[in-house]
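Hi,

Here is the structure I promised to pass on.

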Amino acid sequence: MNKLEKLINIKFVFNRKDGGRTLCFGKIEEDSNFEVICDNEAFDGIAADIDCTELNTWTKVCKHLEANYNPKVEEITTC
């Protein structure tokens with residue numbers, strides 16, 4: 001997917017506490033996992049332990065990752 005295609009597919013933009021933005025792609029399902037890309041690639045990975053029955057919106061997922069994983073998540077994609 002090229003940059004323009006990716007921009008067109010943005011589902012949600014979360015404004016982080018640090019003034020940055022997290023771009024969110026895909027639809028959250030009950031069994032979703034999330035590919036997480038941070039400003040420091042050492043923290044990139046897959047988040048497979050998020051309860052999507054409780055954290056069922058992009059805002060909830062972003063707030064959870066910001067508070068419990070890394071405050072500088074740049075992109076999240078469902079997988």
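This is a predicted model: local features need pLDDT of at least 70, side-chain atom pairs count only at pLDDT 80 or more; totals for chains, interfaces and linings use all residues.

Val36 stands opposite Ile76 in β5, where β3 and β5 run antiparallel and are joined by five bridges. Residues are numbered from 1 along each chain as its sequence is written, and side-chain values use heavy atoms, with hydrogens and water left out.

On terms, strands (E, at least two residues) and helices (H or I, at least four) are DSSP runs numbered from the N terminus, and two strands count as paired if DSSP finds at least two bridges between them.

The sheet

There are five strands in an open sheet, ordered β1-β2-β5-β3-β4, with mixed pairing. β1 and β4 (45-47) are the edge strands, each with a single partner, so one side of each has no neighbour in the sheet. From one strand to the next the twist averages 25° (axes are lines fitted to C-alpha atoms, for helices over the stretch in contact, and angles run from 0 to 180 degrees between N-to-C directions).

β1 (residues 10-15) pairs with β2 (residues 21-25) in the antiparallel sense over five bridges, and Val13 stands opposite Leu23 there. These two strands make a hairpin with five residues between them, and Gly19 in the turn has a positive phi of about 95°. β2 also pairs with β5, this time in the parallel sense and over three bridges. Cys24 has Ile76 in β5 as its bridge partner, and that is the Ile76 that stands opposite Val36.

The helix on the sheet

α2 packs on the sheet and touches β1, β2, β3 and β5, with its direction at about 45° to that of β1; contact here means heavy atoms within 4.5 Å. Which residues of α2 are buried? They are Trp58, Val61, Cys62, Leu65 and Glu66, where buried means under 20% relative accessible area, exposed over 50% and partly exposed in between (1.4 Å probe, protein chains only). They cover an arc of only 130° around the axis, which puts them on the same side of α2; the arc is that of the directions from the helix axis to the C-beta atoms. The face turned away from this buried side carries the exposed residues Lys63, Ala67 and Asn68.

The core

The largest nonpolar core has 16 residues, and those with the most contacts inside it are Phe34, Val36, Ile50, Trp58, Val61, Leu65 and Ile76. (Such a core is a set of buried Ala, Val, Leu, Ile, Met, Phe, Trp, Tyr and Cys residues joined through side-chain atoms within 4.5 Å.) β3 (34-38), α2 (58-68) and β5 (73-78) are the elements that give two or more residues to this core, and α2 gives the most, with four. Leaving aside neighbours within four places in sequence, Leu65 is in contact with Val36, Ile50, Asn70, Val73 and Ile76.

The aromatic pair

The structure holds one aromatic pair. Phe34 is in strand β3 and Trp58 in helix α2, so the pair ties together parts that are 24 residues apart in sequence. For the cut-offs, rings of Phe, Tyr and Trp (its six-membered ring) pair if their centres lie within 6.5 Å, and planes under 30 degrees apart count as stacked, over 60 as edge-to-face and the rest as tilted. Phe34 is buried at 0% relative accessible area, and Trp58 also counts as buried, at 10%.

Cheers
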